[in-house]
Amino acid sequence: NFFSGDIYAVNPNGEGKFTQKELVRAPRGVKFYTLARHDIDKDGAPEWLGLERPGLSEQANLLVWGGDGKIMWSGGAKLGGTNNAIRLGNPTPGDLPPRIAFNPRVIITDIDGDGKKEVLAVTNIPLIEKTQDFKLYTKAKLTAFSIQGPTLAPAWSTREISYCVTDIQAEGGTLFLAAHKGKVANVLVKERGYVMWFQ
């Protein structure tokens, strides 16, 4: 793990200081970079959403859980995966250091302009599926989930695009994507980064 220990939610007080520190009771294996908060069931107490990585897989399940840490919904879909990763640690001789991936975030936004918020997540698709030490994601698609009480339901997916999406953000009616174009050439990975937006 790149980070360990407790996670706290804090609120800014408008003067550059933070107040109301609250412990986030997250299920084991949830990736810190993917956390989002939203009142899914509209009971006045916001729930948490995030990707949970099972085992050694880089792709993950989407979870919704309450303030008590109990899982309310699990998607079971393979989301995430990324070229945005570092190698860190002391490997055994002849091995690569462990690969630590920074999965793209989950966002909550009214992406289709119908007045209802959706949960938007990224699925990156690897060039070669079954490798663990060498991963290169060359395609991606976005999946929107409709909010149905305390649960989510897959609503629609985009077509595949020829990039690895490393981050997403929505501002107003605009969706921003940070993307990565990697290709293998002479056993080295050559990379280019892009920022794209859609209205």
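Modeller: Rings of Phe, Tyr and Trp (its six-membered ring) pair if their centres lie within 6.5 Å; planes under 30 degrees apart count as stacked, over 60 as edge-to-face and the rest as tilted. This is a predicted model, in which local features need pLDDT of at least 70 and side-chain atom pairs count only at pLDDT 80 or more, while totals for chains, interfaces and linings use all residues. Residues are numbered from 1 along each chain as its sequence is written, and side-chain values use heavy atoms, with hydrogens and water left out.

One aromatic cluster is made up of Phe32, Tyr33 and Phe102. In total, the structure has five aromatic pairs. Phe32 and Tyr33 make an edge-to-face pair, because their ring centres are 5.7 Å apart and their planes stand at 80°. Phe32 is partly exposed at 44% relative accessibility (buried means under 20% relative accessible area, exposed over 50%, partly exposed in between, with a 1.4 Å probe and protein chains only). Tyr33, at 26%, is also partly exposed.

Tyr163 and Tyr194 are another edge-to-face pair, with 5.4 Å from centre to centre and 70° between the planes. Tyr163 is in the loop between β13 (151-157) and β14 (164-171) and Tyr194 in strand β16 (residues 188-198), so this pair ties together parts 31 residues apart in sequence. Strands (E, at least two residues) are DSSP runs, numbered from the N terminus. Tyr163 is partly exposed at 23%, and Tyr194 is partly exposed at 31%.

The ring of Tyr163 also has the charged end of Lys181 over it, 4.8 Å from its centre (NZ of Lys or CZ of Arg within 6 Å of the ring centre and within 35 degrees of the ring normal).

Conventions: Helix = DSSP H or I, 4+ residues; strand = E, 2+ residues; numbered from the N terminus.
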